[in-house]
4 protein chains.
Amino acid sequence: MARVNVGMIGYNFMGKAHSNAWKQAPLFFDPPFEPVLKVVCGRHAEPLAAFAERWGWAETETDWRKVVERADVDIIDIAVPTHLHREIAVAAARAGKHIFCEKPFALNVAQAREMCEAAEAAGVRHYVNHNYRRCPAVTLAKQMIDDGRIGTIFHWRGAYLQSWIVDPDFPLTWQLSRETAGAGPHYDLNSHSVDLARFLVGEIKSVSAMTAHFVTERPLPPETGQTAFGAARAGTRKAPVTVDDAAFMLVEFANGALGSFEASRFALGRKNYNCFEIYGDKGSLAFDLERMNELMYFSADDPGCAQGFRTILATEPTHPYLQGWWPPGHIIGYEHAFVHAVVDFLQAVAGQAAIQPDFRDGLRCMQVLEAGLKSAENGRRITLNGTE
Amino acid sequence: MARVNVGMIGYNFMGKAHSNAWKQAPLFFDPPFEPVLKVVCGRHAEPLAAFAERWGWAETETDWRKVVERADVDIIDIAVPTHLHREIAVAAARAGKHIFCEKPFALNVAQAREMCEAAEAAGVRHYVNHNYRRCPAVTLAKQMIDDGRIGTIFHWRGAYLQSWIVDPDFPLTWQLSRETAGAGPHYDLNSHSVDLARFLVGEIKSVSAMTAHFVTERPLPPETGQTAFGAARAGTRKAPVTVDDAAFMLVEFANGALGSFEASRFALGRKNYNCFEIYGDKGSLAFDLERMNELMYFSADDPGCAQGFRTILATEPTHPYLQGWWPPGHIIGYEHAFVHAVVDFLQAVAGQAAIQPDFRDGLRCMQVLEAGLKSAENGRRITLNGTE
Amino acid sequence: MARVNVGMIGYNFMGKAHSNAWKQAPLFFDPPFEPVLKVVCGRHAEPLAAFAERWGWAETETDWRKVVERADVDIIDIAVPTHLHREIAVAAARAGKHIFCEKPFALNVAQAREMCEAAEAAGVRHYVNHNYRRCPAVTLAKQMIDDGRIGTIFHWRGAYLQSWIVDPDFPLTWQLSRETAGAGPHYDLNSHSVDLARFLVGEIKSVSAMTAHFVTERPLPPETGQTAFGAARAGTRKAPVTVDDAAFMLVEFANGALGSFEASRFALGRKNYNCFEIYGDKGSLAFDLERMNELMYFSADDPGCAQGFRTILATEPTHPYLQGWWPPGHIIGYEHAFVHAVVDFLQAVAGQAAIQPDFRDGLRCMQVLEAGLKSAENGRRITLNGTE
Amino acid sequence: MARVNVGMIGYNFMGKAHSNAWKQAPLFFDPPFEPVLKVVCGRHAEPLAAFAERWGWAETETDWRKVVERADVDIIDIAVPTHLHREIAVAAARAGKHIFCEKPFALNVAQAREMCEAAEAAGVRHYVNHNYRRCPAVTLAKQMIDDGRIGTIFHWRGAYLQSWIVDPDFPLTWQLSRETAGAGPHYDLNSHSVDLARFLVGEIKSVSAMTAHFVTERPLPPETGQTAFGAARAGTRKAPVTVDDAAFMLVEFANGALGSFEASRFALGRKNYNCFEIYGDKGSLAFDLERMNELMYFSADDPGCAQGFRTILATEPTHPYLQGWWPPGHIIGYEHAFVHAVVDFLQAVAGQAAIQPDFRDGLRCMQVLEAGLKSAENGRRITLNGTE
């Protein structure tokens, strides 16, 4: 099989998920290329070396610019915090590399536009890893909507709820600082929801939002090796939390649908509760990531006395991506959607198909999110400029 | 047992539910009075007579003023459409009658204030029938919150979704006209949700809202006997729908919690899906009226490895109101909450206890709703005047 | 409306449920007769009088024979413990009364046969109150099976689990003594399940069973007023428990289906968990009494990628019995099935329709249960004599 | 890291799942050895070579005896149909190889005993791959039972339902022939359930069973490459189905608990519905493989008014095996339990810990299953000889 060389920047939580995806893709699927784990890049040589050894990365590098400039690297995989995306992505595009970029896409619209324009100008493949589009149940939802099964859409109800910072002593990790993360759950979580809403319902026309700030300062974290979800020990010094703790948003879609987005890290009992409901004039769909193999579907075409939401266990060979995995009823997990993304990305690289969400989608998503921040601040409904 | 005489205005859907409640209350509970079904009032003598005969109302009357003025009537039960509430309630209050009033409370804040002031000035008992406060699972939620089980509240997520007018040929019943209903689901459904949110979380400080209008004109209904949920045959003449089809609202609570309200009559698969989630720093609660005997509860005090939302089947003798009904696991239905309301109202009349929501609650609820309408119109966040 | 006079023997838990049903039937439905609560019979005059006053029974009587012999009584409602059924039912039949009889039907097959033959010989209407046939979701299941929606049936999986005697100090009520109850959950709970299985799947051909006895002696209860589910205070004297605590049973149906029945009073977390699953070659159905308004339905006719169990909320006007109650999504409760039974029984009395389960069904059910007891004792599969 | 060489016999569905597990184990966990995919064995050289190439097996072999005899192979992984287990396992044991053996363990008790004795005599590590013990939610259930959280156990209710052969034209694969599979779902599915019941509740003392045979002959499958779950095209020749289509079993456990097992391949809507409920005197547990990340738990120690089954999402770092995977709420899938088995097996090989279920467990499980077959045939309850 032909090979493509991958250079990955970053090696924490997302580095692990991406490494696994590059390795699993050619085992369970038949992508046009075999991805070679060529070089992984991070700031701290020691843990980086251990990571590379475990996951089979051939080389390590501590300067991301060197990775981007290597002639033998075909794909740049950006798996670092948000504030580092722009510079790496633009450089990678200019170097002619295909780009597989983590989300949230950028700190703001200006960055997003620069990244999008650079990638489009370079003619490379570019992808923003809103991985949940490729949960089979979500991809199935898209197919069903495209097939007209739920008809004209009236409503999107999205929520993404977590609870990992309810404890006021949870430290101030990079996700809790505006400099590094841009915003709180409004970027981290609503970015996923807005991407799914654009995927499944369409473009967003106007936005009203409110944010909440429950814990205003937190202990500083220990210096290194900090990951978002670990049980970090609290330090003694505190610093201000500069992002939102929760962000709720109402939207009007271009097609007239009325929608809601509710993101929070203060929802006890919800771990990774990324859920949506979509209501149309022929039926409805609902999804919850904590039961990611299931899609709820109501059809107004069912016989009157036998209507009801059905739970589709999206593990049949006829369901998206399932032919690669196991027999019906044998569920898949979180990391599998990354494998699907890698498979589709490799096909895009081979020119077999476009891949979305691309950087243009990343830009549009960021426009919605930035409008939400502005609305939360000034209390006004923001109409989006639809010309991008 | 001492008796009180009830005069009920209205005899459609709510008239049936109220009649049943007045009858069942002394069978399953021990209220201080036996309510006597003295007189029922409606405009059409023939169906009114049939209704009275079936339900055991001693007399009928077609002029509500005569009912209000009768010396032998102690309680006025207002079970008519919204636009008729103010006049009847004010007259009843002035006549010194205790008032059991259906919701939505009034067409606007001005009406609500007049009703509230009249009732308070008269010194009578006054109650707005937001019946869902008295579903045992909801009353239990209130007890658990008051006991501190979920701690400080961060979020309210409420939705009330139905689907009875998705068909564009569903006729223009009174609920779809601003003159008679004041607003659409924003009043009909959000009024329940706002009442529950005020009951469980507290007062609301500011509001941002959006509404949707999916079907702009509808066939006129046949002249009489039309009820909201019946399979009405469409007429040939059409007229404009003058209320919202859906109303979504974000709020900030006085205690800092961030909340959402989502009401729609265009959510296929949802019949009477009045649900809420409440998240605090010690636990969470969730409720869905379609499974009204159940309360979901997450406790952060549970052992770490054994935490999870539990489904409390609120049918134990220790649960609110259940001592009147059946053994554990034998669920109750929709109309039972009306019986609970009647029992509590009779206790209030006997001076044994206050009853809420009263007209002051009705007024506050209406202030939130009216602010929502205004926000939806002008696109701005509305701050409520907290002085009422 | 024409009237029929009811004489009810018994006034505890079932007396309350039956009284309510006789009263509610003509309010929510249009039965051919108005049932008159003529006379209620019990052993203890004082609580009986209070009961009669509350529920509106015109007269009381402490000798059931006098009730049965009254010329002005049309219907005998038997709401007493199992060991008293035979004598009352046979006398009532011989006196030409229609009989509405609680379950479990009888202590054994011999009693059941005598009751059945007496009622059939008398030409009266006879009914055994397996009320769960008339939960709308269950009646709907029957309609769907009769319509061929699930095809040829392969499996019945029934369970009826409760937990009210897990505490070894729960007293020895009449339900725990073979003399009064005949058997434990095997009669009390499996009788319901066997009735439903016969209703929905068909006759049973052979039986293998096992029983368990977890608590072998219990404190004697206080003398009077004891009900099954009350929090009875334990006395100091103990006596042997002479019935099963759990009874599991495998069966072969006449049509070749393989089935299971699992009844227990030792299943913590289950209150009144009467559930079944039915699997056919075209679809499947599932029901759980704790969510009695819902029927689960899987259809193999659904499009391949969109198959799944759907949750039918059986509250539509097109669903059985629902036209009498509330709009869609407004659920009903436990006691409503008794109302349905009374309505159908009154129609049977008026000669408008047969009613089932009748005493012949009661006999057949008892044959299955008695075979189960025998199998549990001798360890052999018992083939039923199909000639009854 | 030290290495161990694995020789795997078989390369179909289980070969894929095992290959993945050997590869993933050292990536997500820190086993004492790195497993080397040394040689894979199958009958058909061509598909075998393709399989080896994809999964990274260094060599291929078509004669399993040669694999077993290789000095450079440390572990024999048996991933072939049941009828081939005995010969390979006994040879592997005699050659001093550690054995990782698929289930069902053997065709009958005699084979199982021979395998068990050979492995024990050889002093090698031996493991039967009832992988579901190592679903985190199941392992958690075991921990909770061992911690006394549900107290003394009264009941086991197990079911394992699938639907892949409801179509009478589904071909006669090896799973449907007594010669190759020993029995139908009674071995394939009940073996898993019996293993879980022995793991969680204890030894089984007596057994009553019934089986069903719904489709008595089926088309012969195409010659090669047939897998159980594929949509095989039916041939024209038919042959008898010689195994059960469903097998229901009641048991008494040594500790007095009463249990049930219900296995079927004729349960439409159930894909891989391996579920159990366990009821004790302090609480209850329930599990369903189709939602394998969840464990239901009821605790009688919860406050009376707040009791209910809670849904534990077993994805916390404190849950078994989860420290190797993802943050809370990020679920794992079917194949992950195989990874856990490999990790534990490698630890057993390193002498760090015993591993179960071992061949002794396989033998005991087979005794229960064989007794079930006998009981189904002769209609009698079979008491197990507890001396093995």
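User: What is the mean pLDDT of chain A, and what percentage of its residues reach 70 or more?
Analyst: Chain A has a mean pLDDT of 95, with 96% of its residues at 70 or more; pLDDT is the predictor's confidence in each residue, from 0 to 100. Over residues 224–228 of chain A the pLDDT is below 50, though this stretch has 10 contacts beyond near neighbours in sequence (a contact means C-beta atoms, placed from the backbone, within 7 Å). Where pLDDT is low, the predicted coordinates should not be read in detail. This is a predicted model: local features need pLDDT of at least 70, side-chain atom pairs count only at pLDDT 80 or more, and totals for chains, interfaces and linings use all residues. Residues are numbered from 1 along each chain as written, chains are lettered from A and ligands numbered from 1 in the order written.

User: What makes β2 and β3 of chain B a pair?
Analyst: Two strands pair if DSSP finds at least two bridges between them, and strands are DSSP runs (E, at least two residues) numbered from the N terminus. Strand β2 (residues 34–41) and β3 of chain B have 3 bridges in the parallel sense, so they pair by that definition. Val39(B) has Glu59(B) in β3(B) as its bridge partner.

User: Why is one side of β3 and of β6 in chain B left without a neighbour in the sheet?
Analyst: The open sheet has 6 strands in the order β3-β2-β1-β4-β5-β6 (chain B), paired in parallel. β3 (59–61) and β6 (126–128) of chain B stand at the edges with a single partner strand each, so one side of each lacks a neighbour in the sheet.

User: How many residues of chain A are in contact with chain B?
Analyst: 30 residues of chain A are in contact with 30 residues of chain B.

Terms used
Helices (H or I, at least four residues) and strands (E, at least two) are DSSP runs, numbered from the N terminus. Two residues are in contact if their C-beta atoms, placed from the backbone, lie within 7 Å.
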